[in-house]
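Student: I would like a close look at one part of this model. Please go step by step.

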Amino acid sequence: SLPTASGLAEMGAHWIHGPSPGNPIFCLATHYGLLGPEAGQEENQQVEAGGHPPLPSVAYGSSGRSLSPQIVSEAWDLFHALLASARNFQGAEKPPAASVGQYLRTEIAKRVTALGGVKDSHQQLRLAVLAACLKLECCISGTHSMDLVALEPFGEYVSLPGLDCTFPGGYSTLPNCMLSALPEGTVLLNKAVRTIQWQGSFHKEGDDARDFPVRVECEDGDTFLADHVIVTIPLGFLKERHQDFFQPPLPERKAEAIRRLGFGTNNKIFLEFEQPFWEHHQQLLEVVWEDESPLEEPSTDLEASWFKKLIGFVVLQPPEQHGHVLCGFIAGKEAEYMETLSDMEVLSTMTRVLRTLTGNPCLPAPRSVLRSQWRSTPYTRGSYSYVAVGSSGDDIDVLAQPLPEDPEDPRPLQLLFAGEATHRTFYSTTHGALLSGWREAERLNQLFQA
């Protein structure tokens with residue numbers, strides 16, 4: 001959570017997905033009193049949102065008009081029904097397609113054929129909204145294209161019930177509360193690690209009586225000796241650096257799992273305005289490019305069309321806390337291209353896009369812009385994981401397995417692995433990351449009690 005001129009900007013995790021008793025993030029946040037009163041309402045805890053934001057309060061088309069709510073709603077309902085059916089192939093020997101994207105496009109094409117293939121304006125608009133729905137799913141899955149997300153294991157991901165909510169004081173209030181219970185000096189920040197050496201016999205200077213199997217070397221030259229290290233490094237960093245980061249290198253089975261699993265980029269663009277151009281009740285402004293269709297290949301010219309991957313804007317609530325701020329979401333190669341642009345280039349492009357969508361060439365430009373750049377961040381190299389075509393939930397389990405692999409090794413659990421990419425049913429979420437950390441802590445508890 002970053003402080004801005006008028007409020008907080010969540011550069012990373014934004015919502016508690018599925019705030020209900022089965023979500024440990026929600027339970028901890030409730031325990032510490034970090035949530036607003038509406039988050040704890042019983043009816044909100046029972047809503048089946050499926051990890052999706054609410055229907056758009058308004059959908060703007062590229063022709064400069066707000067679109068028919070009925071047509072938009074019909075397209076969203078169809079997409080959600082098809083997405084639900086895509087979760088039904090778990091364990092299937094021969095799923096109908098390799099990827100979620102291929103499956104969805106095939107099913108959408110069948111509906112077009114059923115309508116006689118007539119290219120009336122309503123049908124074209126439904127297809128354009130469906131193309132926008134696919135972009136939203138790319139943001140949720142943290143991928144460039146749903147063609148990269150494997151169909152068969154797609155249903156293994158579990159969505160918890162509850163109407164997604166945010167932290168009024170910022171997401172970082174939760175780890176701050178958790179840290180406050182630890183003795184001072186327990187947590188060292190800004191200690192970038194260069195290598196983790198394991199299967200060794202390391203001694204503290206002047207103490208040859210005690211040896212340690214693990215040595216963590218930091219980029220500033222400091223070293224730490226340990227019996228056990230829990231590694232929570234993002235999968236994006238592991239993909240690029242695992243071969244030289246661990247000495248000796250990771251076993252081939254784990255290296256293969258790292259290669260096969262998917263890890264993409266989902267970025268945010270915050271735009272702050274002097275005055276809102278949207279209605280006070282509107283929560284989600286959807287962007288629909290009316291000439292697009294999920295049945296046609298999108299443009300690969302990033303310079304000319306990167307902004308078309310933007311799914312729209314969430315209105316940050318309440319304005320008394322945040323000011324008049326929109327938060328846009330964009331995923332994939334377009335999100336990565338956006339990171340190469342200057343703030344002024346992003347701001348001017350967003351101004352042009354909003355003037356086009358609202359049909360108001362005089363719409364005032366945002367007074368400031370702030371965006372995340374997760375692909376460029378050296379220790380993440382992206383946002384979060386997905387199960388890619390060619391991989392499966394088994395790869396997540398392999399990634400989560402501690403080392404050394406030999407259960408009879410006299411020095412067990414030297415390297416333990418946690419983080420969202422190691423949770424088979426809650427990957428890509430903060431609650432999955434938290435549960436994975438608890439899992440590894442419990443693994444060590446069991447060892448110490450043996």
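Which residues of helix H11 (residues 332–339) are buried?

Tutor: Some ground rules come with this. The model is predicted, so local features need pLDDT of at least 70 and side-chain atom pairs count only at pLDDT 80 or more, while totals for chains, interfaces and linings use all residues. Residues are numbered from 1 along each chain as its sequence is written, and side-chain values use heavy atoms, leaving out hydrogens and water.

Now H11. Its buried residues are Gly 332, Glu 334, Ala 335, Met 338 and Glu 339. Buried means under 20% relative accessible area, exposed over 50%, and partly exposed in between, with a 1.4 Å probe and protein chains only. Helices (H or I, at least four residues) and strands (E, at least two) are DSSP runs, numbered from the N terminus.

Look down the axis of H11. The buried residues fall within an arc of 150°, so they line one face of the helix. The arc is taken from the directions from the helix axis to the C-beta atoms. An α-helix has 3.6 residues a turn, so residues three or four places apart point the same way.

What covers that face? The cover of the buried residues includes strand S13 (266–273), helix H9 (302–305), S16, helix H12 (343–358) and strand S17 (368–371).

The elements that give two or more residues to the lining of the second largest pocket are H4, H5, H9 and H11. A pocket is an open set of points on a 1 Å grid over the protein atoms alone, with protein on both sides within 12 Å along at least five of seven lines; a 1.4 Å probe is used, and lining residues have an atom within 4 Å of a point. This pocket holds about 750 Å³ of space. That volume is the space filled by probe spheres set on the points, which are joined across faces, edges and corners. Of its 27 lining residues, the closest to the centre are Lys 135, Glu 296, Glu 297, Pro 298 and Ser 299. H5 gives the most to the lining, with four residues.

H4 (100–114) and H5 (121–141) each supply at least two of its residues, as does S16 (324–331). H5 gives the most, with 11 residues.

Conventions:
Contact = heavy atoms within 4.5 Å.
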